[in-house]
Amino acid sequence: MPELPEVETVRRGLAPFLVGSRILQVELRRKDLRFPFPDNFAGRLQGRRIVALNRRAKYLQAVLDDDQVLIAHLGMSGSFRMEAGPIGTFKFPRGKIPAHDHVVFSLETGQLTYNDPRRFGFMTLATTDTLADHPFFAGLGVEPLSNDFNGETLARLFAGKATSLKAALLDQRNIAGLGNIYVCEALHRAGLSPLRAAGDLGAAAEKLARTVRAVLAEAIEAGGSSLRDHRQADGALGYFQHNFRVYDREGQACSSPACRGIIIRRAQNGRSTFYCSSCQS
């Protein structure tokens with residue numbers, strides 16, 4: 001499933017195409033995705049101008065000129081395809097099986113198609129004044145790229161927690177948008193074991209916060225990680241997967257200088273955890 005860097009990459013790619021453009025028509029080619037579309041979904045969007053494109057955790061939020069917000073989640077295989085617009089066309093070819101093109105937005109800047117083979121993504125509508133209390137967002141924690149995310153925040157969130165450090169980082173009620181790949185990578189770079197009790201983070205909190213931010217920034221710059229379905233908004237593959245130090249590297253030598261450890265994979269809270277037991281403590 002796309003994590004924060006992948007969604008942020010898509011947001012940055014779509015923003016020049018969408019922001020300031022008016023939605024001329026919306027074609028729904030089915031009644032639902034993961035969830036049914038809201039009543040009169042297409043009619044409520046038609047004629048509206050997009051004034052901002054934001055991201056909260058792993059959700060895209062297109063703010064419209066009537067204070068509605070189009071909320072979109074990519075699920076496991078969802079993607080947007082930009083075509084036939086003056087800003088630029090879809091530069092890199094990818095599959096366009098019509099059966100998987102579920103929503104088509106006709107805009108002043110061209111056509112935007114939502115494609116989702118597995119249909120785990122979804123779209124809905126909210127209003128700006130109710131967004132913070134919306135069920136999708138009300139319980140979300142701090143954004144790891146915001147100014148509120150630092151060592152002091154981590155220390156406060158994890159104080160007294162017996163759960164593992166990895167589980168605490170993945171808990172969306174603590175930190176919004178972090179996923180398995182980037183937590184594994186950040187913990188390795190910070191030299192911290194994923195099995196360590198979150199409440200024992202102590203003085204390492206600031207280092208971990210800096211490392212999380214650095215890993216996310218590097219991944220966004222690389223266009224995210226393309227493991228199966230993810231592509232950038234123009235169709236290009238992300239390439240951060242070539243920078244993985246531990247994720248999906250079970251049995252390989254640790255890349256940390258002077259470390260002779262081997263990357264281990266173990267199941268943790270229903271997910272695969274990759275780490276080096278020699279240099280992560």
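I began just past helix 3, where Gly 160 takes a positive phi of about 75°. For orientation, this is a predicted model, so I kept local features to pLDDT of at least 70 and side-chain atom pairs to pLDDT 80 or more, while totals for chains, interfaces and linings use all residues. Residues are numbered from 1 along each chain as its sequence is written, and side-chain values use heavy atoms, with hydrogens and water left out.

**Helix 3**

I then stepped back into helix 3, residues 151-158. Helices here are DSSP runs of H or I with at least four residues, strands are runs of E with at least two, and both are numbered from the N terminus. I found Gly 151, Thr 153, Leu 154, Leu 157 and Phe 158 buried (under 20% relative accessible area with a 1.4 Å probe, protein chains only; exposed is over 50%). Seen down the helix axis, these buried residues fall within an arc of 160°, so they line one face of helix 3 (the arc is taken from the directions from the axis to the C-beta atoms). On the face turned away from them I noted the exposed Glu 152 and Arg 156. What does the buried side pack against? I traced it to helix 4 (165-170) and helix 6 (205-221), with contact meaning heavy atoms within 4.5 Å. At the N-terminal end I found Asn 150 as the cap, with a side-chain oxygen 3.1 Å from the backbone nitrogen of Glu 152.

**Helix 5**

Next I looked at helix 5 (residues 180-190), where 10 of 11 residues are buried. Among them are Tyr 182, Glu 185 and His 188. I saw the buried residues of helix 5 pack against helix 1, helix 4, helix 6 and strand 10 (271-276). Gly 191 follows helix 5 and has a positive phi, near 70°.

My last stop was an open sheet of 4 strands, in the order 2-3-4-8 with antiparallel pairing (two strands pair if DSSP finds at least two bridges between them). Strand 2 (50-56) and strand 8 (122-127) are at the edges with a single partner strand each, so one side of each has no neighbour in the sheet. Neighbouring strands are turned by 25° against each other on average, direction ignored. I followed strand 4 (residues 68-73) along strand 8 and found antiparallel pairing over 6 bridges; Gln 68 stands opposite Thr 127 in strand 8. Helix 1 (residues 4-18) lies across strand 2 and strand 3 (59-64), and runs at about 175° to strand 2 (axes are lines fitted to C-alpha atoms, for helices over the stretch in contact, with angles from 0 to 180 degrees between N-to-C directions).

Note on methods:
A polar contact is a pair of N or O atoms within 3.5 Å; within protein, one must be able to donate a hydrogen and the other to accept it, and residues adjacent in sequence count only if both atoms are side-chain atoms.
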